Each structure stands twice: as structure tokens, then as C-alpha cells.
Amino acid sequence: MKYGLKKWRLLSLFSALALILSGCGEPFLSTLQPAGEVAQKQYNLMILSTTIMVVVIVVVAIVFILTITKFRRSKVGEDTIPKQVEGSHTLEVLWTVIPIILLLVLAVPTVALTYDLADQSELEEVDEEGNRTALVIDVRANLYWWEFNYPDLGIVTAQDLVVPTDQNVYFNVIASDVKHSFWIPAVGGKIDTNVDNTNTFYLNFDGEKAAEADNLFYGKCAELCGPSHALMDFKVQTLAPDEFDSWVTAMQEAAEEEQQPENELAARGAEVFQEQACIACHAVSPDDRAGTSPGPNLSTFGERSRVAGILEHDNDEEFAENIKEWMLNADLLKPGNQMNETNGYNKDALTDEDLDALTEYLMSLKVYTE
Amino acid sequence: MDTQQKFTSRTWPESPEKTTLEGKNKFLGFWLFLGGETVLFASLFATYLALKDQVPNSEHYLAKDMFELPLVFIMTMLLLTSSLTSVYAMYHMKNHNFQKMNTWLLVTVGLGLTFLGFEIYEFNHYVHEFHHTFTSSAFGSAFYTLVGFHGAHVAVGLGWFILLMIRNSKRGLNLYNAPKYFVASLYWHFIDVVWVFIFTVVYLMGMVG
Amino acid sequence: MSTVAQKKGFLAILWDYLTTVDHKKIAILYLVSGGFFFLVGGIEAMVIRIQLAVPDNSFVSAGLYNEILTMHGTTMIFLAAMPILFAFMNAIVPLQIGARDVAFPFLNALGFWLFFFGGIFLNLSWFLGGAPDAGWTSYASLSLFSEGHGIDFYVLGLQISGAGSLIAGINFLVTIINMRAPGMTYMRMPLFTWSTFVASALILFALPPLTVGLFLMLFDRMFGANFFDVTMGGNTVIWEHLFWIFGHPEVYILILPAFGIFSDIFSTFSRKRLFGYSSMVFATVLIGFLGFMVWAHHMFTTGLGATANAIFAVATMAIAVPTGVKIFNWLLTMWGGSIKFTTPMLYAVAFIPSFLAGGVTGVMLAAAPADYQYHDTYFVVAHFHYVIIGGVVFAILAGTHFYWPKIFGTMLNETLGKITFWLFLIGFHATFFIQHFLGLMGMPRRIWKFLPGQGLDLFNAISTAGAFLMAAGTLVLLYNVIVTSRKNVRVGNDPWGDGRTLEWSLSSPPPFYNFKQLPLVRGLDPLWIEKMEGNTKMTPAEPIDDIHMPNGSIIPFVMSLGLFIAAFGAMYQVDWRASGGEEFVWSLPVLIIGMLITIGSMATRSLKDDHGFHIHKEDLLKDEEKGGKE
């Protein structure tokens, strides 16, 4: 398979086309700058199909241009009555058989790759102790946030997916309210998160390419799911395998011991978090309520790259601003989101002091970094 | 050919339903309509098969707990017989025997009404004995939709026959209404065929689990 | 539009159109209402493009945006493209096969009024609490989640107008099978008639799954059923299947008549018979057949498994073969001909590269693993707009210019027509070509806004600019229609001068009985054959005799109106039951009254014999002296 893919690229007159295309878009988002094995294979298929199709276009274009220049009435004369040709068997056979051959060239690698990407035999492999060796992450899509549960590791995050580079990561995806679709464009194609059943697929995050994207890929929801479908973004933090292991250890440790607030303000924030019943929807321990939580788990909130998956910050001040902005205007920032009065959230009950304290507390929720 | 022309059994054409252009159009158009109806029922069958025994929890009854062969066997016989009697009616229509045609149509309607009565009893039975209702589970929704759609077709077919008999009771057969009788009986056969599938797919396959 | 009609008062004309069963007048009704919905859908498209012109824009709110995108798709497919194509089918197909009317004139009118009231019902949602907002595909989990009555409007409106489409489909099938003039064998039918035939068969077999899907959703939303409620054992993927088993053939229902219109235009303005006529017919039938085998390619990412994906990928690719055959046959039709670049021909010529682009991206999308990347991105948006605009809308615009004289008896201005063409063509490619890349760059479709800093800003701005050019082109067309109608210069039988098929042997517009004597068809392109032998008219196949015609009737209108009224009752009885019988007390009576109106008018129709009337031989002869006009 891999050999074949390489060969087409060499054969392809239109690898130039690939070069032009790869100039398109951002390395953290574009499918044209594949950053992993799955995306690369899909990209190769895209290039192959584009190449074949360009050949078709060129042939048609030549006939087309010749026809509309040669046979204008102004050229052939106003009164000319053209010969009424019925057709040609030879030509019909020709333009039936050649496209079939071209399509076979495309169909064979398509079918092969379809089965290749659906291969999940790795999931069956176990080590000596009978534990699954592959890394499995359960993805649960919700109106408008994502939960990432690591069932074998006993930890859970939300909004920011953390993965190791250069190994296959398996995802079991499902939705808890309406259908969404899980997509990290630069790393591979999407899969729907159905409400009915779990879908499974794998991705592989390339270490070098991830570095080019600052180790942060953009993830998207790709199925219309309501007003804030456009804003249902998530981010993917890629870590080298050893870093990932220490991240997991830190998460597991954090799950076992209760975190102590750093300062008084944060301590007050922790109280507000209880008083206002934020805790009813949001867990703050990295093993709490995985798979059932009505709101995102906040245990690593201070390490998130975005607030609510969309609000960007460069420093702590902006971070704090964004948190407050979100708590005061959540319904404007993500229309239709579930942090609303029906579900028990009342922003008017928050005083300015509460807000400051909550912000401080949320920013202090860190597991891995200091 | 004039549609209001009076006929006797001797002057009556061999295929009265297709003698006029209108009749020919109606005949063909109705066959095509039945083609569309086939796809409609196929979609309903597919939906039913996908949702069969899909219930929220184990307290709900499943197909194998509810369906009983004797009842549906009687219903099947009723409908199959009514198809046969409608064939007799059409035989007499082609022979321009208005009286006999009406008699057989009446028998057909009677059998159809009995069938509907049994169906209503059956639904009532499921609702009260097993709490198997339209809204109790996806299985319930799919069952009542498929069988109910068929039942509604039976009701429409009966209404159609009755309307035709009342409307034409005084005027007899002519080339204007002959195609109408004919397509109505086509419709009736179609309903019958659908029931054979319901009998097999819903009841027989349902009872084996 | 005829001289007689102009002398009548407005009310008389209105009554005439409300009760007409004449296929030519029904065509005008379809054209006008389809054209109206086309403009509505166009305005919705402009709002979408304005909202996406710059990043993080707030031109419309998120909820409203979803309503607009849903209504844009639904309106354009069901209420604009299909009806306008029905307009051409109605206006032209009976003439092309040498028939005096369609097989079921009464049902023809009923089909129109059902579509019309369904469309009006759907659009009234804007004024009654909000339009549907789950996309034109209305996937079950989201549409059950959607609050308000938007989705109910979608379900009931499409159910009503869908019934109209089904009736139209059966009508055209029977018309083409039973009503052809002497000598008009199947293999002498013009390609537009052939494609109407195949498209009608697709309608017949593709609409019922949608009907069932809509019923299931209607039962779920309005009567407490659980088809799509997972907690009650339901399954939402059923909706996806039912919708796409309809939805994919629907694409061919639109594109095949477009192919037919273009085939006729190519041969007319190349002065050559269609190259490879029989393989064109075969390709049309084959595309229609394969159209039913490929629906799951819309569901590659749903998780159907590798085997299903592989099968549907290969089946989808196969459609490229008959489509390619068509492209080459069109090219070869022009090859060696004498090409005159009239406005319709410009659209036809531009259609080849535009549609080709849509076709090749279609093959690319068929490659399932690559589709995991394309699916639900702007790449798909670009693809289907290339097919639908580059194919169907171009055909609609071409057909509008081409058939306008046959329908209205006067020619649209050619200069203005060409201005429309160029604005539309350039605007179209500017809008949509760039969207391929937006999709590949990671932009999902159906998004209300995109945030800055993702490299998507420039291309979106260009796309919006292109949309304005298309809008300008449409405005020029409207202006053209007004100017042309004002001037109202009457034209003869064959205003383009190169007509080949039977419709051009009749006056423009034709008399209401079309053919005084049915023509004798002696081969493909019958009028061309007569022209080549020096005849100015068709050879008649029968002596002048009395002609039997159907009576007009208001019943189709009333019958559809009844369903329209009942739909309101069906929708608001949900609120009535929810309020414990306190509010919306009127809903149940309205539902019953509406159904009674419909059933009552059906009964009236069945109980009252309608034998039509005869035009007598003497009147026909008198008509001839006056020049064949009414």
C-alpha cells in the first residue's frame, strides 16, 4: 500500500499541483498539510483522484475549445446545412471504455484504503497482564463541547484533547444529545458521533508536523447541531510519548488527591463554585463523572488553550477577561449553549467579587504545568 | 368512442377498462401509482424490521409474546377471500352483468369490513393486554404505523367500492365507469398482496422471535 | 397573454388560471411561482454570503442563520428548481410528442396547487414563530431537538408539495407512454421528452421513501411516536437512509431534465441532429437506474462499515461513465455543425465545463476515504453548487430564454440575455470555485460564522463578491422580463429559425387544443425533416374533425386549499394538547374542517361526471382563417 502510494506520487505529472495546494491554509487546520498517517493516506488519494480528473478535464477542454472556435456560424457560413451525423460506434466504445479504465485506477486504491482505515485489529492486542496496549479515548460530543475520556487510564478531560505523537490513537465516539461529527482536519478525516451507537476509528499524530503546528491542532464539529455548530471547536495538544506518560501520571495523581487552592482569592472562588452549584454540572477532579457529566470537566481548565473552545488568550490577564466575558455573556458567545437558566445557571447571582474569585479559582485549576 | 353510450352484454367490448383513451390512461396511471405505493410499503417494512422489538426496557412485551396465529390466520383468510370475490365482480363487469357485479362487490365489502373489525379488536387487545401502544416504544410506533397504514388502505378501498356502488346504482355500466371499477379492484388486490407480506414479515417472523 | 385574454378583466383572468387544466397555462403557473421562490431562495443565499463575507460577523443571529440556510436549500430544491422544470415539461413535452394535452389534465392542475400551497405553507413559517432550522436534510436527532414549529412546517409543507410532485410524475409517465402522435416512436422522441420520462419514473419511485420519512417525523413530533428517540428504542440513522434514498435520485430528477433541455439546445443551434442519439437515451436511463444505488455515499462518515462504504464508493464512480458519454456526445453534436451563439446556446456551451467541474469533484467525493475529509465541508458545498447551478440553474436560465417565445409568444431581449449570462457565469465561478479550497482548508459547511486567524478570510470575501455578480445577473433578467412583456412583439412559429422538433411547428403560443390535426411523425427531429423537404408545415396524420377537450375546474384548487388549512390544525393541536385543552382550541376544528374540504371536493369530483366538451370542426376551420390563434 505504502509503496503504491509513493509510486503514484512519482509518476504524477501533477505533483506540482500538490505543491500549490499545500500552500493553502494553516498547518493546524488544513487537510492539505497532512500531519499524520491517516491524513497523509487520504491526501494521497485526493491527489490521485485530482490528477486523474485533471487529465479528463484537459481532454474535454481541448475538444471543447476546438469545437466552439472552429464551427461558429460566422465561420462556416449563414446558410450552411451541416451533415446530419447519426453517431459513431467506435467513438462511443472509446469514451465508455477509457473512463472505465480511469475509474478502475481510482477504485482499486479507494477500496483498499477504505478497508485499511477500518482495520481495528490493534484494539484486540493485549500485554502480558491482559491490558489493552492501544491508547483508547472515548469521545462524547455535547451541545457545544467535547469530552475526552481515557477509560483505560481512569482520567477525563474536556475541550482540549491531549494525545501522544507517533502512535495510533483509537477513538470511540458518541453524542449525548444530537448528532455531531468529530473532525481534526490536519490529522485525518471525520467520523460522525451518532446518538444511536458508538463509532470507532483511529488517528495518528505526526511529531514533526505537529511541531510545525505548535503542537496544537484545531478540531471541529462537522455536522449541523444547532445555533452554535460553528463554534463547537476543540483543540488537540500533542505531546511526545514520554511527555504524554508524565501527563497521564500527573492526571492520575491529581485524581487521587484533592487540589488545594493557591491563595485566598482562589479559595473563595472554590466556595463560590460550590455555592452557585457550578459543581452540579462541572467536575473539577480528572476522574469525576466521565461519560455522564452534563458540563465539561474543568480539572485542567487553567491549562486550556481557549475558553469555551473559542476565546483566545496570550497572557493571564486576557485569560481572566475571557473567563469573565464567558460567564457574563455565554448565551451571546455561543447561542443555544446549555449553561443557561433552565439548567440552573444564574449569572445575575454572581457579584463582581464572586466573579473575580471564580476566575482566579478556575485559572488555578492545573494539573501538569505550574 | 362515446363514454355515455348504452351497451348490452353483446355490444360490450372485451376490455371495457381500456377501450377509451381516458380508460387506458387511468389503467396505466394506476399501475404506476401502485408502483409508487410498493416503494412506500417497502420503506415502511424496512423501518419496521429495523425497529422490531426495539423497546426501552425489558418490561415491554416483544413480538413473540404478543402475536397469536389463529387471529391473524382468520384475518388473512378474510382478505384473501375478498380478493377472490373482487375477481368475480370484475368477471361480471367484463360480461356486462351489472347485478352480479354488484353482488360480488357487496360480498367483498362485507369481508373487508369484517377484516377491519378484527384488526380493531387486535389493536385494542395489544393496547389493553400488553400496554403495547403507538407511543410506548419505537417497536410500538413501527408496528402500528406499518399495520395501520395497511388498515387505512383497506378503509379507503372499502369507501371507494361503496361510493362506486351508490353512485352507479341507477345508471349501470358504461365505458365511463368501467375503468373506475377496474382500478378499484386493482387497488384491492394490491392491499391483499401487502397483507401477505405483513402476515409473513410481521406475524410469522415475529412469532419465531 | 393572448389577445383575447388581454381584453378580459383581471378577475376573469384570475378565475381562468385558478380553474385551468390546460398544460400550457399550468406551465405558466409553475414558472411564475417557481420563479418567485427562486428569488426568495436567492435572497436567502445573499444573506448567507453577506454573513460569511468577513470573519466573526454578526449580520444575522445564529438561530436565524440556521433558519435561512435550511430554507435556502429547501426552497431552491423543492420550490424553485423542481417547479420550474415542471413548467418546461408542461409547456413543451405535450407539444414535442404531438399531444393535445397531458393524460390527466385535472390531476395536472391538482399537482400544481398542491405544490403551491405546500410551498406557501412552508414559507409562512417565517411569520409564524420561525422557519425550520435543521438543514434541508433535517437529520432526525437535531430536528427532534428543534423547538417551536419550524420543523413541523417543513414536514407538513413538504408532505403536501411532495404529493403534488408524485402526481406530476405519474401524469408525465402516462402522457409520454399513451399520448404520442402517430409515428412518434420511443426512439424518435426528443431528448427533453426522454429525460422527462426518466425523471418522472425517478419521482415515482424516489418520493415515497421521503413520504414515509416525513410521516415518521410527523408522528414523532406531533403524535408522540418514538421512531427517532434513542431512549425509547428508536434509531436516527433510519431517517438518514430514507432521506437519502429519496435525496440522491432527487438530484437526478433535477439534472436529467436539464440534460434534456441542453440536448435540444445543442442540436438546434448547431443545426445538427444529436450525435449518438441512442447512446444518449441509454445513458439517461442508466443514470436514472444507478441513481438509486448510491444513496449511502452521503453517509460515508455515519459509520456503516468498510464494506458498505466500498460498495457505494464504486457504484457512485460508475455513474461517471454514462455522464461522460453524454458530455462527449454533446461536444460531437457541435463538432461539424454551424454553431449560433444565442443566449440559450451560451448557457449550453458554458454548461459543459461548469458541469464537468461538478462531475469530477463528484468522482473525487466518491472515493470514500478521501470523503472522510471532504464530507460536510465547503468542498461539498462547492461540488453540489457546481452541479446544481452549473447544470440545473443554467438549464433553467437557458430554457427560460429558449422557450419564452413558445410560452408567451414574444422573445426575451438577446442583448440583455447575454449580459445576464456573463454576470451569472463569472459570478458563479467566483463564488463557488474558491469554496473547494475553503473546504480543504478545514472549513465545515453550515457554519454561522468563522473565527479570524484560520486562514479563511480572503477566500470567503471573494466568494461573497461573486455572489453579488450572480444577484446582479438575476436582476438584469427580471428587467428583461418586464421590458419584453411591455413591448410584447409577437413572433411566429419558429422564432429561433432552427427549430427541429414539433413544438416549433405550432404558433407561439399554440392554440389551446395545440394541434388542429395530429402531425405525422416521420423520424427524429420531425420538423427538420419537413423543412429539409421544403415543407413549411407538418404533414397531418388525420383529417380535421371534432376535438375532445377537458373542462376547467376549481376543485384542484379547493382540494389543495383544504389540506393547507388542515395542516395548520394538525400542527397546533400539539399545543392544544400540551396546554391541556386550554389554548389553541380552534386547532382540532380547523384540522377537521380542512380535511372535510379536501374529502368533500374529492367526493364531488368522483360523484359528478365530467365528460369534457368538443370543439367542432367548423370552429376549427374558422380558427384557421384567423391564423390559428384563439
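P509(C) is located in the loop that links α17 (457-487) and α18 (526-532) of chain C, where helices (H or I, at least four residues) and strands (E, at least two) are DSSP runs numbered from the N terminus. The peptide bond leading from S508(C) to P509(C) is cis, with omega near -10°. The structure is a predicted model, in which local features need pLDDT of at least 70 and side-chain atom pairs count only at pLDDT 80 or more, while totals for chains, interfaces and linings use all residues. Residues are numbered from 1 along each chain as its sequence is written, and chains are lettered from A and ligands numbered from 1 in the order in which they are written.

Two further backbone features concern residues in loops. R446(C), which is not a glycine, has a positive phi of about 60°, and its place is the loop between α16 (414-440) and α17 of chain C. With 22 other C-beta atoms within 10 Å, R446(C) is buried; a residue is called buried if 20 or more other C-beta atoms lie within 10 Å of its own, exposed if 12 or fewer, and partly exposed in between, with C-beta atoms placed from the backbone. H96(B), likewise not a glycine, has a positive phi of about 60° and is found in the loop between α3 (69-94) and α4 (98-130) of chain B. H96(B) counts as partly exposed, because it has 19 C-beta neighbours inside 10 Å. For context, most residues other than glycine have a negative phi, and most peptide bonds are trans.

Chain B itself consists of 6 helices and 0 strands, so that, by the DSSP runs used here, its elements read α-α-α-α-α-α from the N terminus on. Its C-alpha atoms fill a box of roughly 65 × 30 × 25 Å along the principal axes, and buried residues make up 38% of its 209 residues. Of the contacts in chain B with a separation of 6 or more, 80% involve residues 24 or more positions apart, two residues being in contact if their C-beta atoms, placed from the backbone, lie within 7 Å. An unreviewed UniProt entry lists residues 28-51, 71-91, 103-121, 141-166 and 186-206 of chain B under "transmembrane region"; the positions are given in the numbering used here, feature names are shortened, and annotations may be inferred rather than shown by experiment. Among these spans, residues 103-121 of chain B are 100% helix and 0% strand, with end C-alpha atoms 27 Å apart, and residues 186-206 of chain B are also 100% helix and 0% strand, with end C-alpha atoms 29 Å apart.

As to the assembly, 2 pairs of chains touch, and the most contacts are between chains A and C, whereas chains A and B do not touch, their nearest C-alpha atoms being 12 Å apart. Between chains A and C, 75 residues of chain A are in contact with 75 residues of chain C. On the side of chain A that touches chain C, at least two residues each are supplied by α3 (37-70), α4 (73-76), α5 (89-117), β7 (188-193) and β9 of chain A, and the largest share, 15 residues, comes from α5(A). The contact between chains C and B takes 33 residues from chain C and 31 residues from chain B. Of the side of chain C that touches chain B, α8(C) gives the largest share, 9 residues, and the residues of this side divide into 21 nonpolar, 10 polar and 2 charged, where Ala, Val, Leu, Ile, Met, Phe, Trp, Tyr, Cys and Pro count as nonpolar, Asp, Glu, Lys and Arg as charged, and the others, Gly among them, as polar.

Within chain A, strand β9 (residues 216-221) is mostly covered, with 5 of its 6 residues buried. β9(A) pairs in the antiparallel sense with strand β6 (residues 180-184) of chain A over 2 bridges, two strands being paired if DSSP finds at least two bridges between them, and F182(A) has C221(A) as its bridge partner in β9(A). β9(A) also runs antiparallel to strand β10 (residues 234-239) of chain A, to which 4 bridges join it, and the bridge partner of L216(A) in β10(A) is Q237(A).
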